[in-house]
Amino acid sequence: MSAPGENLRINSARLWDSLMEMALVGPGVAGGCNRQTLTDADGEGRHLFRRWCEAAGMTMGVDSMGNMFATRAGTDPAALPVYMGSHLDTQPTGGKYDGVLGVLGALEVVRSMNDMGIRTRHPVVVTNWTNEEGARFAPAMLASGVFAGIHSEDYAKSRRDMDGKLFGEELARIGWVGDEVVGARKMHAMLELHIEQGPILEAEGKTIGVVTHGQGLWWLEITLTGKDAHTGSTPMNMRVNAGLGMARITERVHQIAMSHLPNAVGAVGQVKVFPNSRNVIPGKVVFTVDIRSPEQAKLDAMKAEVMRAAHAVAAELGLGCGIEEVGHFDPVTFDAGLVRIVRQSAEKLGYSHMDIVSGAGHDACWINRVAPTVMIMCPCVDGLSHNEAEEISPEWAAAGTDVLLHAVLEVAEVVS
């Protein structure tokens, strides 16, 4: 059969209804979602996704990291599957679309293929990757990292959240430890649809982002140790203030990122202060530095400068300083052939598009190590994400999923 024509479209109303129904699982307090990984809400969202997949005629497999794989059979039993998907877990104050659009958009592609009676030579698999966000258990993209051989399963399952709970025990508690060996599946390709999480597409008036590269990242968890003391009765020159050290390092992170522009960003994100009392000088602070660049040399240089700055600040203030690398991936170049197919799909459908670099990390960044991979992006309002006010339009969601449909049909080879 010839390539699918530009008249093929997904059912945009059904996609939007699915997004809104999933958003009711683990609702936030301000219109978004709090469906953090391995919580009861995550388990509920997984059950809903499985029901939808099975209703669409797919068979569900789950590996021992809880990654979910819903398969639509192809006509050639020997052909490797074409994967598409993202993640259903959210930030504590997450939006309704980050990750979720990629999973439910992929489901909608299969539903639309069913509606149109389209068969492909390659099987098509819709995936929900466990713990992409890394908000509860660092690092981010944890389970896809195990799948790609970046992390060991023992390492992943020994991660603890801020309350000391173990990843492995929480995965078992919600009942999503599967029987598949992680990483045993082989892929023909993987495509991930995602909201941009930045302002570029909207500012440029483009509907589709053709993702050519992904930024590299370092997460450095810094622990500064000083001395708890009374804020009112301790002389200024006798303080060993861990909070002051964090403040100075925060400023240095900003300066370091600015000095490496363009294509460099950095900030302090997660912070935990001890004892966190109004009238006690902090004796200990634990915080995470997030630095990113699509250029390896800049990423390496920023990491080295942040570490030097942290130790220098600590020495000046008499603080103990420990630095742990809790997250990392190198810059990613996505598969040129798949990038071309995504670009051609957008053009065939008449959607405005531009090449773009992903500013955030995604599961596709790890899977790129073991299979040809590409990403498709749609705009989000004001570039806002990791925020309950995150918003996209139904038209943007449909356009991104239309491009995913056409790209997947090309890669999976339509036969009828």
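Guide: Helix 1 and helix 2 are roughly antiparallel to each other. Helix 1 covers residues 12-23 and helix 2 covers residues 40-55. Their angle is about 150 degrees, and their axes lie 10 Å apart. On the helix 1 side, S18, E21 and M22 make the contact. On the helix 2 side, G45, L48, F49 and W52 do. By class, this contact has four nonpolar, two polar and one charged residues.

A few terms first. Helices (H or I, at least four residues) and strands (E, at least two) are DSSP runs, numbered from the N terminus. Axes are lines fitted to C-alpha atoms, for helices over the stretch in contact, and angles run from 0 to 180 degrees between N-to-C directions. Contact means heavy atoms within 4.5 Å. Ala, Val, Leu, Ile, Met, Phe, Trp, Tyr, Cys and Pro count as nonpolar; Asp, Glu, Lys and Arg count as charged; the others, Gly among them, count as polar.

This is a predicted model, in which local features need pLDDT of at least 70 and side-chain atom pairs count only at pLDDT 80 or more, while totals for chains, interfaces and linings use all residues. Residues are numbered from 1 along each chain as its sequence is written, and side-chain values use heavy atoms, with hydrogens and water left out.

UniProt, in an unreviewed entry, places a "binding site" at H87, D98 and H194. These residues span 108 residues in sequence, yet no two of their C-alpha atoms are more than 9.8 Å apart, so they gather at one spot. UniProt positions follow the numbering used here, feature names are shortened, and annotations may be inferred rather than shown by experiment.

Take H87. It sits in the loop between strand 3 (82-86) and helix 3. H87 is buried, with a relative accessible area of 0%. Buried means under 20% relative accessible area, exposed means over 50%, and partly exposed lies in between (1.4 Å probe, protein chains only). Leaving out residues up to four places away in sequence, H87 touches D98, G99, V100, V103, N128, W129, E132, E133, H194 and D363.

The unreviewed entry also places a "binding site" at D98, E133 and H386. These residues are spread over 289 residues of sequence but cluster in space, with a largest C-alpha distance of 9.6 Å.

E133 lies in the loop between strand 4 and helix 4 (142-147). E133 is buried, at a relative accessible area of 7%. Apart from residues up to four places away in sequence, E133 touches H87, D89, T90, Q91, D98, A140, W219 and H386.

M141 is in the loop between strand 4 and helix 4 as well. M141 is buried too, at 2% relative accessible area. M141 and N131 are ten residues apart in sequence, and their C-alpha atoms are 6.0 Å apart. With neighbours within four places set aside, the contacts of M141 are N131, E132, F329, G361, H362, D363, C365 and W366.

Strand 4 (residues 124-128) holds T127. T127 counts as buried, at 1% relative accessibility. Not counting residues up to four places away in sequence, T127 touches M68, F69, Y83, M84, G85, S86 and V103.

The axes of helix 3 (residues 100-116) and helix 12 (residues 394-412) come within 9 Å and cross at roughly 60 degrees. That makes helix 3 oblique to helix 12. The crossing is right-handed. A crossing is left-handed if the near helix is turned anticlockwise from the far one by less than a right angle, and right-handed if clockwise. Helix 3 brings L101, G105, A106, E108, V109, M113 and M116 to meet A397, T401, L404, L405 and L409 of helix 12. The residues of this contact divide into nine nonpolar, two polar and one charged.

Conventions
Angles under 35 degrees count as roughly parallel, over 145 as roughly antiparallel, 65 to 115 as roughly perpendicular and the rest as oblique.
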